Amino acid sequence: MKLMATGNTAEVFEYDEGKVCKLFKDGYPLDSIKREFENTLLMNTTSINTPKAYEIIEHDGRHGIVFEKITGVDLMSEFLKNPEDKNLAARIIENLSKLQKELLSSESKNGISYKDYLRYFGFEKADHLPDGKNICHGDLHPGNIIRTPENKFYLIDFMNVCLGPKEYDVARTYVLLTENNPAAKETGEIYLSLMGMSFVQIEPYLEAIYFCRKKEML
């Protein structure tokens, strides 16, 4: 297989025609791989463009997921080509918010609760937060949106997909867009306005999200 890209936990290889294999590194938990596969199948049921997940394979003692191959450029890479262009940044946030609104209109009974995700990282107040059954991406930022040459947008990276209130997923994206961002206040206000939400609506989830972000980045 021909290597296409390398990440922290996996390498992506050319596979059969129109397919790629995300081959996880030695020691990566099989349960986590199965969860990403199942999350992708859940995302495939929505109206959002997502790469199809075909199967879990084993290759040279490592496990991987075979996905549909999507050709394009992620929106974060587009932004980094011209980070001073405020109009470009605004368009990217607008495209992101449109996709997220469409995704959050989907509901399911299948999938893990966002509270289970919070508990996994040791957040002890999860039971005090509202329940919800909207399909949440859980890690939606410009780097996880691919623009194809045909100007179609695809969501990728479904390890954190869960079920929860819309406000939780918006709060997650708000944090991802504003952390380590010199224009955090402006970016956050534009994003929330496009999502039709206020800071007050997402505030109850921020403590849990900031808690988990510290653990995620260890």
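Reader: In the hairpin of β4 and β5, which residue takes a positive phi?

Author: Quick background: this is a predicted model, where local features need pLDDT of at least 70 and side-chain atom pairs count only at pLDDT 80 or more, while totals for chains, interfaces and linings use all residues. Residues are numbered from 1 along each chain as its sequence is written, and side-chain values use heavy atoms, with hydrogens and water left out. Strands (E, at least two residues) and helices (H or I, at least four) are DSSP runs, numbered from the N terminus. The β4 and β5 hairpin has 2 residues between its strands, and the one with a positive phi, near 50°, is Asp 60.

Reader: How many bridges does β4 share with β5?

Author: Strands count as paired if DSSP finds at least two bridges between them. β4 covers residues 53–59 and runs antiparallel to β5. One of the bridge pairs puts His 59 with Arg 62 in β5. For β4 and β5 the count is 6 bridges.

Reader: And β3, how many bridges join it to β5?

Author: β3 spans residues 19–24, and its pairing with β5 is antiparallel. Cys 21 sits opposite Val 66 in β5. The β3 and β5 count is 5 bridges.

Reader: How many of the residues in β5 are buried?

Author: Buried means under 20% relative accessible area, exposed means over 50%, and partly exposed is in between (1.4 Å probe, protein chains only). β5 takes in residues 62–68 and is mostly covered. The number of buried residues there is 6 of 7.

Reader: Is Glu 78 buried or exposed?

Author: Glu 78 is in helix α2 (residues 75–80). Leaving aside residues up to four places away in sequence, Glu 78 touches Val 73, Leu 88 and Arg 147. Its relative accessibility is 17%, so Glu 78 counts as buried.

Reader: How are α3 and α5 oriented relative to each other?

Author: Axes are lines fitted to C-alpha atoms, for helices over the stretch in contact, and angles run from 0 to 180 degrees between N-to-C directions. The axes of α3 (residues 86–104) and α5 (residues 166–178) come within 11 Å and cross at roughly 155°. Angles under 35 degrees count as roughly parallel, over 145 as roughly antiparallel, 65 to 115 as roughly perpendicular, and the rest as oblique. So α3 and α5 are roughly antiparallel.

Reader: Which residues of α5 meet α3?

Author: From the α3 side, the contact uses Leu 96, Gln 100 and Leu 104. On the α5 side, the residues are Lys 166, Asp 169, Val 170 and Thr 173.

Reader: How far apart are the axes of α3 and α6?

Author: α6 covers residues 184–195 and packs on α3 at an angle of about 40°. The two helices are therefore oblique to each other. The contact includes Ile 93 and Leu 96 of α3, with Ile 190 and Leu 194 among the α6 residues. Their axes are apart by 9 Å.

Reader: How many nonpolar residues are in the contact of α5 with α7?

Author: α7 is residues 199–216, and its axis comes within 8 Å of that of α5, crossing at roughly 60°. Among the residues in contact are Val 170 and Val 175 of α5, plus Ile 202 and Leu 206 of α7. Ala, Val, Leu, Ile, Met, Phe, Trp, Tyr, Cys and Pro count as nonpolar, Asp, Glu, Lys and Arg as charged, and the others, Gly among them, as polar. With 1 polar and 4 charged residues alongside, the nonpolar count is 12.

Reader: What's the relative accessible area of Asn 180?

Author: Asn 180 is in the loop between α5 and α6. Its phi is near 55°, a positive value in a residue other than glycine. Asn 180 is exposed, with a relative accessible area of 78%.

Terms used. Contact means heavy atoms within 4.5 Å.
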